[in-house]
Amino acid sequence: MRADKPPFERAADVIRFAGGRVVGRTRLQKLSFLLELTGYGQGFEFSYKHYGPYSEQLNQATRSAKALGLIEEIENQTSWGGFYSTFSTDAESTGDQIRDELTALIVRADAVELELAATAAYLAGQGERDPWGETARRKPNKAVNGRLQRAQSLYKKLRAIKTRTRLPPI
């Protein structure tokens with residue numbers, strides 16, 4: 001864990017790295033997870049939950065950052081009645097070109113395809129021999145209609161970025 005900043009500042013940094021705006025709690029979690037894997041992380045620990053890699057530390061730090069006014073969270077209702085959050089901050093990123101390229105791709109990615117790609121990466125890191133197959137098994141309703149293949153394509157694009165630590169080949 002990074003000792004130079006408290007968790008609430010590190011959570012705000014994740015949003016800053018994404019250009020100051022992240023739509024969705026799941027996307028924020030996957031963004032932070034992929035930053036950890038690529039050497040740009042803020043020291044949050046992840047475990048597996050229903051939507052793939054999840055950090056309760058990040059969740060708590062985000063709440064604290066909101067309470068302290070470092071970030072803004074706006075909850076919006078979906079057309080089907082659910083809710084999603086949009087996180088934003090006015091503070092600017094420090095400007096790392098490679099990290100910015102990575103985060104821009106993550107922020108633009110389809111949310112379900114991002115979830116599938118991050119889940120496969122997490123499972124690979126846990127020693128799963130067939131991370132894409134296991135992802136499809138765990139998320140059968142999401143890994144349909146070409147989504148799993150598009151998630152694999154997204155992962156290849158993410159992996160092609162020459163980050164500090166390369167994403168594992170899966």
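This section describes helix packing, a sheet and aromatic pairs in a predicted model.

Helix α1, spanning residues 7-17, packs against helix α2, spanning residues 25-37. The angle between the two is about 95°, and their axes lie 10 Å apart. Helix α1 is therefore roughly perpendicular to α2, since angles of 65 to 115 degrees fall in that class. On the α1 side, the contact is made by Val14, Ile15 and Phe17. On the α2 side, Leu28, Leu31, Ser32 and Leu35 take part. By class, the residues in the contact of α1 with α2 comprise six nonpolar and one polar, with no charged residues.

An open sheet is formed by three strands in the order β1-β5-β4, and the pairing is antiparallel. Strands β1 (21-23) and β4 (72-77) stand at the edges. Each of these has a single partner strand, so one side of each is left without a neighbour in the sheet. From one strand to the next, the twist averages 20°. Strand β1 is joined by three bridges to strand β5 (residues 83-88), and the two run antiparallel. Within β5, Thr86 is the residue that stands opposite Val23.

With ring centres required to lie within 6.5 Å, the count comes to four aromatic pairs. One of them, formed by Tyr48 and Tyr122, is tilted, with 6.1 Å centre to centre and 35° between the planes. Tyr48 lies in strand β2 (residues 47-49), whereas Tyr122 lies in helix α5 (residues 111-125). The pair therefore ties together parts that are 74 residues apart in sequence. Tyr48 is partly exposed, at a relative accessible area of 26%, while Tyr122 is buried, at 11%.

Technical notes: Residues numbered from 1 in each chain as written. Predicted model: local features only at pLDDT ≥ 70, side-chain atom pairs only at ≥ 80, totals over all residues. Heavy atoms only, no water. Axes fitted to C-alpha atoms, helices over the stretch in contact; angles between N-to-C directions. Helix = DSSP H or I, 4+ residues; strand = E, 2+ residues; numbered from the N terminus. Parallel < 35°, antiparallel > 145°, perpendicular 65-115°, else oblique. Contact = heavy atoms within 4.5 Å. Nonpolar A, V, L, I, M, F, W, Y, C, P; charged D, E, K, R; others polar. Pairing = 2+ DSSP bridges. Phe/Tyr/Trp six-rings, centres within 6.5 Å; stacked < 30°, edge-to-face > 60°. Buried < 20%, exposed > 50% of the residue type's maximum accessible area, 1.4 Å probe, protein only.
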